[in-house]
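Morning, everyone. I have one model to show you today, and I'll keep it brisk.

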Amino acid sequence: MVEAIVRVQLLLVLPAALLLIGVAVTYGGGWLLLLPPTGLLLLGHAKLVARFPFRTWYGAFGNVGLLVSFTAIAALVVGPMLGLYRTVTVLSGSMRPTFSPGDMIVVSPEPMSSLRVGDVITFMVPAAGHPVETHRVVSVSGPLDEPIVQTRGDANNTVDPWHAQLHGATVWRYRFRLPAFAYPLLALRSRWVHLGTTLLLPLMLSLWGLGRLWLPSRRNVLSNA
């Protein structure tokens, strides 16, 4: 029974590992840095199963969920810190069907000299507040090191009402989308979730800890009897 559960856990982790390996091999460059965490994912899973052999299907799925959660957190934090890529939350439908509101998109840096018409890039709009936009380039002019681009959303009939001049050695280019991944992040930013995580959750943990300290456990009661 235990061996069967371990096999199921490995089958559940394997697709995630193959996905990361496929992305690294397809895009190359900095994406090859996904290979070490993929190996750590498989190694960590094997170690965890060996040390804590869950004997129920519920425990098996919980084990996989825990590892996937840690991997997702690492992907959202470590990669952007190293400048390998960025994640952007999509709030408007101006780029349908390429991506839609609620999606999370991944953009990565490329040399400014490689910028071409048709690329989907993330840039700061030359308007009040300098909001960040991700649209398709329809024209490129000016110097190669600081080009001036005009953009348009795939769902829009007209071009954007600005000409944006890009600065720096790199431009952030759209790679792929994670459908509906932004909804949980948007929910976490809501007022009620914030109150729950800052007030309710610590209160529940405190009550649980006090209960463990002051209330006799069932095992102790049975042993004393």
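Ground rules. This is a predicted model, where local features need pLDDT of at least 70, side-chain atom pairs count only at pLDDT 80 or more, and totals for chains, interfaces and linings use all residues. Numbering starts from 1 along each chain as its sequence is written, and side-chain values use heavy atoms, with hydrogens and water left out.

The chain, then. It has 6 helices and 7 strands. Those are DSSP runs, numbered from the N terminus: H or I of at least four residues for helices, E of at least two for strands. Along the sequence the pattern reads α-α-α-β-β-β-β-β-β-β-α-α-α.

Of the 225 residues, 25% are buried. Buried means under 20% relative accessible area, exposed means over 50%, and partly exposed is in between, with a 1.4 Å probe and protein chains only. Now contacts, meaning heavy atoms within 4.5 Å. Among those in the chain with a separation of 6 or more, 53% join residues 24 or more positions apart.

Next, the second largest pocket. A pocket here is an open set of points on a 1 Å grid over the protein atoms alone, where a 1.4 Å probe fits, with protein on both sides within 12 Å along at least five of seven lines; lining residues have an atom within 4 Å of a point. Its volume is about 370 Å³, taken as the space filled by probe spheres set on the points, which are joined across faces, edges and corners.

What lines the second largest pocket? There are 17 residues, and nearest the centre lie Thr 122, Phe 123, Met 124, Leu 166 and Trp 172. Strands S1 (86-89), S3 (120-124), S6 (164-165) and S7 (170-178) each give two or more residues to that lining.

Now Val 132. It sits in strand S4, residues 132-141. Val 132 is exposed, because its relative accessible area is 54%. Beyond four places in sequence, Val 132 is in contact with Thr 122, Phe 123 and Met 124.

Last, Ser 94. Its place is the loop between S1 and strand S2 (104-111). Is Ser 94 buried or exposed? Ser 94 counts as buried, because its relative accessibility is 13%. Beyond four places in sequence, its contacts include Glu 133, Gly 153 and Asp 154. The side chain of Ser 94 also makes a polar contact with the side chain of His 135, at 2.8 Å. Polar contact means N or O atoms within 3.5 Å; within protein, one must be able to donate a hydrogen and the other to accept it, and residues adjacent in sequence count only if both atoms are side-chain atoms.
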